[in-house]
Amino acid sequence: MAEQILRGIPVSSGVAIGKTYFLNRGSNTSIVRMDIDPQDVAEEKNRLHSAFTSALVELEKISEKIPGELKEQAAIIDSHIMLLKDKKFQSASKKYIQDKLINAEWALEKAVSDIEKAFSKIEDEYIRERIHDVRLVADRVKKQLYGKPSDIKSFKQRMILLASDLSPADTIELQLDKIMAFATTSGGKTSHAGIIARSLQIPAIVGIEGLAEIQDGQFVILDGFNGKIIVDPGEEQLAHYTELKYQFENYQSQVNRNCYLPAETIDGYKVKVSANIELFEEVAAVIDNGGEGVGLYRTEYSYLNRDDLPTEEELFEEYRDLSSIIYPEKIIIRTLDLGADKIATQFGPTREANPALGLRAIRFCRKHPELFKTQLRAILRASVLGNISIMFPMISGLQELLEVKKLYYQVRGELKSQGVNFDPFMPMGIMIELPSAVLISDMLAREVDFFSIGTNDLIQYSLGIDRTNKHVSYLYQPLHPAILRSIKYVVDAGHEAGIEVSLCGEVASDPYCIPILMGMQIDSISLNPQAIPGIKRIIRQATMDECKNLLKRVLESDDVQESNRLVKEMIFTRFPEELMFYTSLIED
Ligand code: PEP
Ligand code: MG
């Protein structure tokens, strides 16, 4: 068969050569109508009945685990339970099986569409909107009908995983002894699935069309540098990629040798290079790759993939252990950034029209103060070694920050009166990831000990592009003048106020962007552990003068393409060997 090439967005470097497996193929393809024989009607009805029952059992379990304070979520789950128990819904679907001799999935779809039609005529908007709940419930039943073809456990060899979508929660569950790389149809340059792939050190591509056409077990090459899947590769491609894979492994071991050297330019400017981690287990990679502490611990991952909420004790132990492993280096613990694509199932189904603009991060925490306070207590109790800092995500305004601080000091007061020890000098910082926070960074700087610029979100919110949407991925431009001015504004405002400014978005692991950040005199960067050795090496070979010079030229440019060209030119001429093995946020 002739080789075929599919293209997407490269998000994690490396090459994988092997066979494919498409995850949950059934539930991701659109539902098809299948005619059944009259003698199969009873069995098809039974299948539907069992799917309703399993969905009900699943929801009842979730309902039991919802904490008392989350009344709204509990009410939604209860309404879904009622819908599942409603005999009319099930019998309408069964009637379709019987009358039309069709499969259960198609019958369910017909029943939902009847309800949709009926609801659309209702004038009351609230009731009309409940159709959304019917859809969610039907999806649950559908999932049961398809079953979960997660036979990954039985793989005899490591496979290349294909999926239409992988949530951050799915991604952290990937079994690395079974999966060597993945590609998804959805996703953008800084989707969390890609971020996790880099942490796991497996090649990955997102936003790629045509995956579902690849047969399970088909032989492919996944090129995580250029975002390509080559299906049924010929001899020549195979030889090329086998060599590239070898060179990459060689490069990694070579660059790793010097990873403990400081990131200091030839002319003596030092940048602190720390690591972003999502999971406790990654702490070993921080140390192995020469990370100078943890600059961002994304704590929300401890809340995903479980039925209940972590207790204060569990969180305390997790943070305490992390801080002692990393000691004497420092760790910045970011408070929960749940919401948007990181959904904790304990809160039931969410139904926000614009989740990235909704109850996310600090807003979610303020809506659930008990949950937030549990985390704050755990962080404070773990802080006794003196190397933990606390950081709040997605701060949008001064008033909001003051409210959060009030709650934080209230928790401190409670601990103090209970005689519980904590570090009274624990530094407190915020993420700057909203345009509003950039513009008032001078005001915010007076209230905190440090800033950390989250470019993943700052680019999303400044340029108005969903970071998980491949269709607008081409607009995800780190060197857009608005982004560069924003970063510079924040660095200058922070320095003016005498506080440290760090940057922890994916831009920090992009070799093209590093000289620009250096030119701005950023104090520290935080990036995925595996990228640390290479980025440190670039910094060590650069001079502050050339970085400032490049920054000046880029800031003067009003053309992103020209800026991209300028940064590439510098990197290509000065550090060519570093480039072969990096994915970049900068467009070609
Ligand atoms: C960011 O927004 O740049 C960031 C580091 O946080 P996250 O990717 O977790 O949103
Ligand atoms: Mg963010």
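Tutor: What follows is a short chat about a predicted model, covering its domains, its ligand and some backbone details.

Student: Which domains does the chain have?
Tutor: The domain assignment divides the chain into domain 1, made of 4-25 + 151-254, domain 2, which covers 38-146, and domain 3, which covers 258-579.

Student: And how many Å apart are the C-alpha centres of domain 1 and domain 2?
Tutor: The C-alpha centres of domain 1 and domain 2 are 35 Å apart.

Student: Changing topic, where does ligand 1 sit?
Tutor: Ligand 1 is found in the largest cavity, with 16 residues surrounding it, and the closest of these are Arg298, Gly454, Asn456, Asp457 and Arg467.

Student: Which of the residues have polar atoms by an oxygen of the ligand?
Tutor: Among them is Asp457, which places a polar side-chain atom 2.9 Å from an oxygen atom of ligand 1, while a polar side-chain atom of His192 lies 3.3 Å from an oxygen atom of the ligand. For Gly454 the contact involves the backbone, where an N or O atom lies 3.4 Å from an oxygen atom of ligand 1.

Student: How much of ligand 1 does the protein bury?
Tutor: Ligand 1 taken alone exposes 290 Å², and the protein buries 100% of that.

Student: Which helix gives the largest share of the shell around ligand 1?
Tutor: That is helix 18, with three residues; both helix 18 (455-463) and strand 10 (294-298) supply at least two residues of the shell.

Student: What about the make-up of that shell, nonpolar, polar or charged?
Tutor: The shell around ligand 1 has eight charged residues, five polar ones and three nonpolar ones.

Student: Now the backbone: which residues does a cis peptide bond join?
Tutor: A cis peptide bond joins Tyr327 and Pro328, with an omega of about 10°, and Pro328 belongs to the loop that runs between helix 12 (312-326) and strand 11 (331-334).

Student: And which residue has a positive phi although it is not a glycine?
Tutor: Gln201 does, with a phi of about 60°. Gln201 is placed in the loop between helix 9 (192-200) and strand 6 (204-206).

Conventions
Residues numbered from 1 in each chain as written. Chains lettered and ligands numbered in written order. Predicted model: local features only at pLDDT ≥ 70, side-chain atom pairs only at ≥ 80, totals over all residues. Heavy atoms only, no water. Domains from an automatic or database assignment. Near = heavy atom within 4 Å. Polar contact = N/O pair within 3.5 Å; in protein donor to acceptor, adjacent residues only side chain to side chain. Areas by Shrake-Rupley, 256 points an atom, 1.4 Å probe, with all protein chains shown as cover. 1 Å grid on protein atoms, 1.4 Å probe; cavity = no way out; pocket = protein on both sides within 12 Å on 5 of 7 lines; lining within 4 Å. Sits in = over half its atoms within 2 Å of the grid points. Helix = DSSP H or I, 4+ residues; strand = E, 2+ residues; numbered from the N terminus. Nonpolar A, V, L, I, M, F, W, Y, C, P; charged D, E, K, R; others polar.
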